[in-house]
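Subject: Structure for you to look at

Hello,

Here is the structure I said I would pass on. Please open it first and then read the notes below it.

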Number of protein chains: 2
Amino acid sequence: MPSPIDTSPEVFRQLAEEALRIIEDFYAQLPHAPVMPVTSAQAVRDLLAEPLPEQPAAASEVLAAVRDIVYPLSRHNGHPRFFGYVASPGTAAAAIGDLLASALNANVTSWRSAPAAAEMEHMVIGWLKQITGFAPEGTGLLVSGGSMANFSALAAARTKADPHAGRRGTGHAPDLRIYASTEVHFSIVKGARLLGIGSDNVVLVPTDAAFRMDVAELERRIESDRAAGLRPMCIVANAGAVNTGAFDPLPEIAAIAERHRLWLHVDGAYGGFSALAPSAKPLFTGIDRADSLSLDPHKWLYSSVGCGCLLYREAQPAIATFSHDADYTRPVGLSNDEAFAFWDLGPELSRPFRALPLWLQLKLYGAANLADAVARNIACAQYFADLVTEAPDFELLAPVGLSIFNFRYAPPHYAGDLDPLNEQILLALQRGGSSYLSNTRIHGKFALRGCVLNYRTTEADMRRLLEDLRDAARYCFLRAG
Amino acid sequence: MPSPIDTSPEVFRQLAEEALRIIEDFYAQLPHAPVMPVTSAQAVRDLLAEPLPEQPAAASEVLAAVRDIVYPLSRHNGHPRFFGYVASPGTAAAAIGDLLASALNANVTSWRSAPAAAEMEHMVIGWLKQITGFAPEGTGLLVSGGSMANFSALAAARTKADPHAGRRGTGHAPDLRIYASTEVHFSIVKGARLLGIGSDNVVLVPTDAAFRMDVAELERRIESDRAAGLRPMCIVANAGAVNTGAFDPLPEIAAIAERHRLWLHVDGAYGGFSALAPSAKPLFTGIDRADSLSLDPHKWLYSSVGCGCLLYREAQPAIATFSHDADYTRPVGLSNDEAFAFWDLGPELSRPFRALPLWLQLKLYGAANLADAVARNIACAQYFADLVTEAPDFELLAPVGLSIFNFRYAPPHYAGDLDPLNEQILLALQRGGSSYLSNTRIHGKFALRGCVLNYRTTEADMRRLLEDLRDAARYCFLRAG
């Protein structure tokens with residue numbers, strides 16, 4: 001008698017066929033459905049709520065709930081006019097890759113636990129080094145996302161600056177200091193908090209008009225900290241800041257890091273794969289001098305969520321940070337490459353087979369098509385900036401960095417406060433369902449913020465976005481009487 | 001012209017059909033194929049190696065490589081005689097759930113980014129609280145695995161003990177101290193290293209003969225540390241230690257934590273779901289007094305890798321630890337439940353839709369069947385202990401804790417050293433492919449270690465394991481001449 005959990009081939013086929021139909025319908029209606037449902041937490045909860053299921057439900061009933069509740073009551077990051085935050089559309093190849101990874105259920109802790117998965121991950125890491133121009137001798141691993149990549153890079157940098165921190169804690173010497181621009185992603189500050197370095201020790205260096213780090217000021221801050229007896233440890237450069245897409249000047253920053261013997265971490269979680277686009281590639285000059293680089297294949301390689309990446313130039317500081325030996329994990333009868341463990345390079349022990357969807361996607365689409373899609377995203381953002389610049393009723397608030405644009409509605413002769421007006425327009429746009437932007441502040445002003453990160457997005461979508469915003473504005477004025 | 005990355009319905013169907021055939025064949029041959037391939041890193045690498053693919057490959061060619069290289073050259077955690085480490089077989093339901101999650105590609109950062117996913121996660125967290133008996137008023141989130149859950153729990157505990165650590169770093173007050181038994185999982189020590197607390201500040205309390213923490217000694221250590229001016233911060237109790245399955249006495253430890261106002265974290269990454277089994281449920285008395293509990297649905301709920309869980313009794317210390325506000329994530333026009341963000345409770349920002357496979361699985365199998373499978377796993381381990389105890393040529397090295405057994409081959413009148421003999425037998429067993437054990441040390445002795453964590457495993461498999469070991473021993477003796 002097989003266990004009821006050991007799904008029969010018939011039930012598996014039924015589940016799979018119904019799931020495929022749901023996905024096919026989803027893909028077919030994606031460009032036409034609302035980007036975001038109009039709903040509330042309570043409404044969604046009421047539809048899903050039930051006590052812990054004691055007995056099995058029928059496959060068709062369970063999948064009907066996915067089709068009728070879960071999918072429609074989700075925000076659709078794959079919609080061609082979803083421009084919010086930095087969210088990938090996902091790909092069909094990655095979805096099939098995740099299915100194959102999950103059915104195999106390899107646990108990619110180490111080579112011995114997943115030989116093919118470990119070797120595939122090594123190979124894919126090599127490809128990502130090549131795409132970005134990272135130091136060829138470097139190593140790396142896939143992690144759950146950019147926050148974990150940034151955290152792990154700071155942890156390794158801490159070990160380099162204070163080899164005793166792991167054993168004794170960070171409390172036995174003057175404060176370690178991290179330098180980043182005011183545009184740094186919050187995961188860097190969060191990493192400093194978690195690592196016991198403290199957010200007070202993240203020095204936020206001002207930026208120029210294009211939101212790039214002021215390198216002269218960077219060097220002054222390092223020198224004054226050192227003079228004050230503090231311990232400079234690491235510089236974090238943005239390879240595409242999340243707010244504006246700004247790209248810090250890597251060659252100058254690398255020179256400062258080398259002069260002061262500081263770890264150089266580059267945060268390319270959003271912008272790292274813009275290296276695929278010829279227009280952005282020159283920005284990566286100097287990336288081979290970085291000690292670590294965060295990347296998010298689940299952002300601008302369009303892959304499914306849960307696939308970040310961290311590259312290290314040298315493995316040793318990471319190993320000194322993360323490696324741990326225990327009786328129950330000690331390899332027996334293995335050496336060299338077969339004794340390799342990913343837990344020596346990052347915080348996780350159990351790890352899903354993240355390389356499989358990524359590999360499948362790179363194989364099925366090819367780097368040339370991915371590069372073309374990235375270049376088109378950048379072109380769409382630039383095209384939109386031109387539309388805004390030419391429009392009498394909109395104004396650009398920041399230069400377009402990579403594929404991120406910041407702007408606002410500013411009709412001529414409007415006497416009111418533009419901040420609440422744009423906030424209302426944003427909400428009306430999001431509720432309308434045709435286009436989706438998120439928000440930020442630029443020089444203190446409320447900004448409509450968009451990021452083109454979808455291979456489905458075209459110039460027609462950029463024109464439509466502007467029309468949708470004008471519709472939203474008309475609605476707001478009408479409602480205000 | 002759609003992008004080449006926007007997979008056509010025809011290609012998606014072809015990919016999906018071929019993937020399903022691979023998976024169906026895999027499930028069908030799983031009990032008969034070798035648990036672990038006999039291969040080398042170089043051999044696998046040679047089969048996979050290729051430069052970054054510039055142009056698309058045919059779907060059939062790519063999936064043939066999955067079928068012929070990736071799947072066969074993997075260790076098969078779903079095989080009924082895979083007993084190594086603590087590895088889940090995965091389920092067909094979770095695989096379909098991962099497909100559906102990946103195709104939708106919701107990024108579960110917050111409610112506004114994934115309404116259905118956020119509400120489903122809240123509901124599933126409620127179910128996991130109910131299963132384990134955790135405080136009903138508690139909160140929690142799904143994380144990538146047990147290491148991240150343990151790390152996050154220690155981070156929240158640190159905030160409770162030193163509210164300024166996040167801002168100023170851990171270096172401005174006497175050392176914080178963590179107490180755990182000598183059987184503690186290495187992720188706790190790693191967490192202390194990463195958090196800047198330091199591994200020197202993890203106090204390893206001795207255990208009794210059943211590898212449970214010596215609570216009298218625990219209290220003595222806390223008192224002597226406090227007298228020495230150190231700052232006791234947290235006690236970590238094992239709800240199923242990974243080495244032996246030992247379960248620390250929760251009521252006594254909870255009383256000590258309360259008396260000394262310390263955070264009580266329970267590591268149930270391996271053993272947490274043994275609460276489903278009536279025989280183990282009494283061990284969970286007192287779990288509602290814990291401040292946090294780590295669980296791994298990707299272990300003993302049989303789910304696919306990448307699904308850990310952390311429960312908190314109070315949300316506030318977690319929020320004070322992880323919450324971060326940035327211009328580009330600030331909610332507009334949302335409040336209360338709709339403003340909820342998972343990044344306030346853990347280290348990640350982007351998060352995959354981990355609740356979907358777990359929910360699908362709980363719905364399709366029902367808690368009663370999962371409970372039955374867990375109880376059978378425990379019974380199999382106990383049955384195996386009886387077989388070993390009765391066998392003249394084997395000896396048990398530790399009491400069976402939950403579903404973990406430690407033993408060794410010890411033929412009568414054998415004059416040699418049993419450690420290298422058992423190491424050789426283990427390697428021969430692993431290479432043989434019929435059964436798979438891992439290794440540890442028990443009281444300094446090399447131990448064959450097994451963990452029953454698979455709903456496919458039966459008593460017949462336990463008998464076969466013993467026979468496979470005898471075959472391996474014969475092979476070793478033969479080879480030694």
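The contact between the two chains (heavy atoms within 4.5 Å) takes 162 residues from chain B and 161 residues from chain A. The model is predicted, so local features need pLDDT of at least 70 and side-chain atom pairs count only at pLDDT 80 or more, while totals for chains, interfaces and linings use all residues. Residues are numbered from 1 along each chain as its sequence is written, chains are lettered from A and ligands numbered from 1 in the order in which they are written, and side-chain values use heavy atoms, leaving out hydrogens and water.

About 14300 Å² is buried between chain B and chain A, with carbon and sulfur atoms giving 63% of that area. Buried area here is the accessible area (1.4 Å probe) that two parts lose on being put together, summed over both. B:Ile5, B:Phe186 and B:Tyr328 supply 6% of what chain B buries against chain A, more than any other three residues.

Next, the charged pairs. A salt bridge is a side-chain nitrogen of Lys or Arg within 4 Å of a carboxyl oxygen of Asp or Glu. The structure holds 62 salt bridges over all chains, and 16 salt bridges are counted between chain B and chain A. In one of them, B:Lys363 pairs with A:Glu50, with 2.7 Å between the closest N and O atoms. This pair joins two chains, because B:Lys363 lies in helix α13 of chain B and A:Glu50 in the loop between α2 (41–48) and α3 (59–70) of chain A. Helices are DSSP runs (H or I, at least four residues), numbered from the N terminus. Another salt bridge links the side chains of B:Arg45 and A:Glu119 (2.8 Å, N to O). Helix α13 (residues 355–390) of chain B also gives the largest share of the side of chain B that touches chain A, 13 residues.

How are the two chains related?

Regards
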